[in-house]
Amino acid sequence: MSVSTLIPAAFPALALAHFLALLSPGPDFFLIIGHAVRHRLRGSLFICLGIALGNALYICLAVSGWSVMRQMPAMYRLLELAGAAYLAWLGFLLLRASRKAATRKTTPSQHAPSQPSPNQTGSLATGHASPLSPGRQLLTGLGSALLNPKNAVFYLTLMTVILGPTATLPQQAFAGLWMTLLVFAWDAALAAAISLPGAQRALEKRIPLIEGLAGLTLASIALWLVLRPLFY
């Protein structure tokens, strides 16, 4: 099997467009930041996997020629509103975690033990909240990716406009696998970078602020999705 059988001629353009899109911070970026800053890679790795799987599903739909989003604006709007509600909920959770951590810092208990309790061991000194289980992480990441209708339109555009109608199924599958693995690798690398000891020491006192900013950003994106029709 030759290389051209798997790699379409337009693959460099597709890979570049996809990578540049990853560089642009979106809801998934702030979701990962909000969890990795406190729970490190262990508490966010399956969120990254869920996001990648959500992207993979939209890629599969694009490969199959699914263009309902373009043909049914009402359906797109409903999915957009569902995504806004989900992002608002995730933002609320991060804001609540930030507020609790900030409260613990400013009003420490007079009866707090001098040594960290078992459920605080290995956590940062700003307070601890148990990370989501791998299953809940996976569902959180999957929901974030699937409830972002821009992913559907983005991948549909990449697969139909850039690759074009001449791309074979193996070539589309190769491109889809590449993009899925790149999404996971990029998000996991982001979480791993935040988990480095040096980064943790630098961020230790700023965790409530970062969580709060991430939560506020997600809530702001949700509000924009709701109000966007008023500006267009």
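Predicted model: local features only at pLDDT ≥ 70, side-chain atom pairs only at ≥ 80, totals over all residues.
Start with the whole chain. The protein has 11 helices and 0 strands. Read along the sequence, the pattern is therefore α-α-α-α-α-α-α-α-α-α-α. Of the 232 residues, 39% are buried. The accessible surface comes to about 12,600 Å². Carbon and sulfur atoms account for 71% of that surface. Now look at the contacts between residues at least 6 apart in sequence: 87% of them join residues at least 24 apart.

Next, find helix α2, residues 11–23. How far apart should the ends of its 13 residues be? At 1.5 Å a residue, the helix should span 18 Å. Its end C-alpha atoms are 18 Å apart, which agrees.

Helix α2 has a buried side. Phe11, Leu14, Ala15, His18 and Leu22 are buried in α2. These residues cover an arc of only 95 degrees around the axis, so they lie on the same side of α2. The cover over the buried residues of α2 includes α8 (149–162) and α9 (169–195). Turn to the face of α2 that points away from its buried side. That face carries Pro12 and Leu16, which are exposed.

Finally, go to Gly215, in helix α11 (residues 207–227). Is Gly215 buried or exposed? Its relative accessible area is 0%, so Gly215 is buried. Leaving out residues up to four places away in sequence, Gly215 touches Gly91, Leu94 and Leu95. Take Leu95. Along the chain, Leu95 and Gly215 are 120 residues apart.

Conventions
Residues numbered from 1 in each chain as written. Heavy atoms only, no water. Helix = DSSP H or I, 4+ residues; strand = E, 2+ residues; numbered from the N terminus. Buried < 20%, exposed > 50% of the residue type's maximum accessible area, 1.4 Å probe, protein only. Contact = heavy atoms within 4.5 Å. Areas by Shrake-Rupley, 256 points an atom, 1.4 Å probe, with all protein chains shown as cover. Expected span 1.5 Å × (residues − 1). Arc of directions from axis to C-beta.
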